Amino acid sequence: MTSNARTPVIAGNWKMNNTREQARELVSALAPQVKGLSGVEVCVCPPFTALEAAKAAIGDSGIALGAQNVFWEEKGAWTSQVSPDMLLDAGCKYAIIGHSETRGRFGTVDETLATRLAYFGETDQTINAKAHFIMGKGLLPIICCGEMIDERKAGKTDEIVSGQIKACLAGLSAEQVAALVIAYEPVWAIGTGEVCESEEANRVCGVIRETVRGAFGDSAADAVRILYGGSMNDKNAAELLAKPHIDGGLVGGAALKADSFATICKAAAA
Ligand code: PGA
């Protein structure tokens with residue numbers, strides 16, 4: 001099966017950007033540019049506080065709404081957390097889980113790192129718990145995976161990424177895996193401007209697909225959408241999106257400008 005059989009997804013991960021007014025402006029500028037595009041699913045993932053404003057501005061443009069995190073319990077004494085029902089109520093279809101900026105060492109700030117990455121404590125195990133719970137509620141996860149630069153240099157990319165995928169998807173049904181979205185995001189390419197070369201990004205997405213095939217069978221492997229993320233922009237998107245195993249993009253910085261994000265969406269539709 002080629003990538004043509006899978007509808008690509010272009011998801012904008014806004015991270016900690018945009019007030020409600022800025023969200024309205026961005027989506028209002030984006031909506032007319034992507035309305036009516038066929039062959040691509042466009043999604044925006046604002047911060048929780050701007051979900052409602054973004055939803056209102058989406059109108060009938062067909063843009064899907066996603067959140068940047070979610071918790072694995074129904075309700076109750078979980079200070080700071082947001083449940084799948086709350087996200088569904090806000091109009092979300094997707095929730096990003098396992099982003100490299102939310103994985104990592106809970107409660108610590110490692111000053112030896114060049115940048116303060118990964119302090120919110122998500123693990124493969126909690127990502128798996130989230131995937132199970134939210135899929136039971138009808139919310140679709142965008143599950144992120146990817147290697148750190150040291151792991152790549154040590155030749156461990158495939159082992160790290162397939163280990164993350166096996167652990168994050170454990171216990172889901174083949175039908176559930178077919179419906180969810182995976183994002184391959186090499187950590188060294190996120191927000192750095194250093195995009196993973198398209199052949200290599202495609203190769204690792206292929207490794208992920210074969211990992212899914214081994215654990216869940218052909219129908220799940222051929223249907224699951226695998227996105228690339230990490231410094232995707234309006235200049236490099238077309239080359240990445242033309243690759244057979246890359247079924248879209250998870251876009252950070254370039255999703256904050258309507259024109260560049262729309263150009264990426266159009267490249268996916270083409
Ligand atoms: P970037 O972020 O496009 O700014 O590199 C992507 C992501 O973190 O999802």
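The model is a predicted one. Its sheet is a barrel closed by 8 strands, which follow one another in the order β1-β2-β3-β4-β5-β6-β7-β8, and the pairing is parallel. On average, neighbouring strands of this sheet are turned by 25 degrees against each other, direction ignored.

With β2, strand β1 pairs in the parallel sense over 5 bridges, and Gly12 stands opposite Val44 in β2. With strand β8 (residues 248-251), strand β1 is joined by 4 bridges, and these two strands also run parallel. Here Ala11 stands opposite Leu250 in β8.

Helix α11 (residues 258-269) packs on the sheet and touches β1, β2 and β8; the direction of α11 makes about 160 degrees with that of β1. Another helix, α4, lies across β4 (94-97) and β5 (140-145), and runs at about 165 degrees to β5.

Of its 5 residues, 5 are buried, so β2 is largely enclosed by the rest of the structure. Its side chains are divided between two directions: Glu41, Cys43 and Cys45 point one way, while Val42 and Val44 point the other way, and all are buried.

## Two helix pairs

Two packed helices are described by the angle between their axes and the distance between the axes. The table sets out these values for two pairs.

| Helix pair | Angle | Distance between axes |
|---|---|---|
| α4 (residues 124-137) and α6 (residues 157-169) | about 40 degrees | 7 Å |
| α1 (residues 20-34) and α2 (residues 51-58) | about 25 degrees | 8 Å |

How do α4 and α6 lie relative to each other? Helices α4 and α6 pack at an angle of about 40 degrees, which makes α4 oblique to α6. The crossing in which α4 passes α6 is right-handed. On the side of α4, the contact is made by Asp124, Ile127, Asn128 and Ala131, and on the side of α6 by Gly163, Gln164, Ala167, Cys168 and Leu169. By type, the residues of this contact comprise 5 nonpolar, 3 polar and 1 charged.

In the second pair, the angle between α1 and α2 is about 25 degrees. Angles under 35 degrees count as roughly parallel, and α1 and α2 are therefore roughly parallel to each other. Helix α1 passes α2 in a right-handed crossing. The residues that meet are Arg20, Arg24, Val27, Ser28 and Ala31 in α1 and Ala53, Ala54, Ala57 and Ile58 in α2. The contact of α1 with α2 divides into 6 nonpolar, 1 polar and 2 charged residues.

## Individual residues

Arg225 is found in strand β7 (residues 225-229). Is Arg225 buried or exposed? Its relative accessible area is 12%, and Arg225 is therefore buried, since buried means under 20%. Not counting residues up to four places away in sequence, Arg225 touches Arg6, Thr7, Val9, Glu41, Tyr94, Leu180, Val181, Ile182 and Asp247. One of these, Glu41, is also among the buried residues of β2.

Ala269 belongs to helix α11. With a relative accessible area of 26%, Ala269 is partly exposed. Its contacts, leaving aside neighbours within four places in sequence, are Leu37, Ser38, Gly39 and Val40. Between Ala269 and Val177 there are 92 residues of separation in sequence and 23 Å in space, C-alpha to C-alpha.

Two serines have a positive phi, each being a residue other than glycine. Where is Ser80 placed? Ser80 is in the loop between β3 (64-67) and α3 (84-89), and its phi is near 85 degrees. This residue is exposed, with a relative accessible area of 61%. Ser231 is found in the loop between β7 and α10 (237-241), and its phi is near 60 degrees. In contrast to the exposed Ser80, Ser231 is buried, with a relative accessible area of 17%.

Note on methods. Residues are numbered from 1 along each chain as its sequence is written. This is a predicted model: local features need pLDDT of at least 70, side-chain atom pairs count only at pLDDT 80 or more; totals for chains, interfaces and linings use all residues. Side-chain values use heavy atoms; hydrogens and water are left out. Buried means under 20% relative accessible area, exposed over 50%, partly exposed in between (1.4 Å probe, protein chains only). Contact means heavy atoms within 4.5 Å. Axes are lines fitted to C-alpha atoms, for helices over the stretch in contact, and angles run from 0 to 180 degrees between N-to-C directions. Angles under 35 degrees count as roughly parallel, over 145 as roughly antiparallel, 65 to 115 as roughly perpendicular and the rest as oblique. A crossing is left-handed if the near helix is turned anticlockwise from the far one by less than a right angle, and right-handed if clockwise. Ala, Val, Leu, Ile, Met, Phe, Trp, Tyr, Cys and Pro count as nonpolar, Asp, Glu, Lys and Arg as charged, and the others, Gly among them, as polar. Two strands pair if DSSP finds at least two bridges between them.
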